[in-house]
Amino acid sequence: MIEIAASILASDFLYMKDDVQRILDAGADLLHVDIMDAHFVPNLSFGPEISRALRRGFPQEQQDVHLMMTHPEDYIEAFSKAGANEITIHLEIGEKAIKTIHTIKDMGLKAGLTLKPDTSADSLFPYLDLLDLVLIMTVEPGFGGQELIPDALNKASILRSHGFKGCISADGGIGPENAGLAIAHGVNRLVMGTALFKAQDPAKVIKEIKAMEQA
Ligand code: DX5
Ligand code: ZN
């Protein structure tokens, strides 16, 4: 099943509830929440309060929280309590990433590792059994609205051939023009910001992409 995760970074912050509702009504399956610390990435976004607000506004919706942070270990409990269902952290933060994955799982959440475009798929091989999901960055993390780096998708094929059966997300620059390519590589969750929130007709975009799965 292909899932569409709506990246709220591309929503209208002044009217976030209405804007997110509009995209959920269009058929998005879950919410993707980008947390940036201005250290791991050169941008700042939100803290745990965004998860709490989204949980209040959308009690039933799954929250996939992507921590682009140098020290995510300090925030797992806060995001868990605030409303996250799934947390992904970056493998590039070093050894502590695996300990942090255990912390996420111990809190009863789904845990994932994320790879920047230049990080190889095989660096994940030792940890695949631990992971519920892998998030493949198809742009350099930090900003919405960038162009997809198609080569990054090869990592999804490599992980599938290595036997990974969990969720594989592609994040960054995804839209109807390249969703088919991502799906063909074994991606089953498409994170989309700009291509949904700035679309004239987001329902049409989602329908078109979901039809690709059956094709
Ligand atoms: C980038 C973020 C993405 C981003 C996707 O650092 O991780 O989730 O919001 O946005 P678009 O779809 O606009 O590339
Ligand atoms: Zn993201």
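I began with ligand 1 and looked up its polar contacts; an oxygen atom of the ligand lies 2.8 Å from a polar backbone atom of Gly-142. I note that the model is a predicted one.

I then checked Gly-173, where a polar backbone atom is 2.8 Å from an oxygen atom of ligand 1. For His-32 I looked at the side chain: one of its N or O atoms is 3.4 Å from an oxygen atom of ligand 1.

I turned to the residues around the ligand. There are 20 of them, and those that come nearest are Asp-34, Gly-142, Asp-171, Gly-173 and Thr-194. Sorting this shell by class, I recorded ten polar residues, eight nonpolar residues and two charged residues.

I asked which element supplies the largest share of the shell, and found that it is β2, with three residues.

I then looked up where the ligand is placed, and found ligand 1 in the largest pocket. The elements contributing two or more residues to the shell around the ligand are β2 (30–36), β3 (63–68) and β8 (189–192).

The largest pocket holds about 310 Å³ of space. I recorded 26 lining residues, of which Phe-143, Gly-144, Gly-145, Gly-172 and Gly-173 are closest to the centre of the pocket. Two or more lining residues come from each of β2, β3, β8 and α7 (194–197). By class, I noted twelve nonpolar, eleven polar and three charged residues in the lining.

Definitions and conventions: Residues numbered from 1 in each chain as written. Chains lettered and ligands numbered in written order. Predicted model: local features only at pLDDT ≥ 70, side-chain atom pairs only at ≥ 80, totals over all residues. Heavy atoms only, no water. Near = heavy atom within 4 Å. Polar contact = N/O pair within 3.5 Å; in protein donor to acceptor, adjacent residues only side chain to side chain. 1 Å grid on protein atoms, 1.4 Å probe; cavity = no way out; pocket = protein on both sides within 12 Å on 5 of 7 lines; lining within 4 Å. Sits in = over half its atoms within 2 Å of the grid points. Helix = DSSP H or I, 4+ residues; strand = E, 2+ residues; numbered from the N terminus. Nonpolar A, V, L, I, M, F, W, Y, C, P; charged D, E, K, R; others polar. Points joined across faces, edges and corners; volume = space filled by probe spheres on them.
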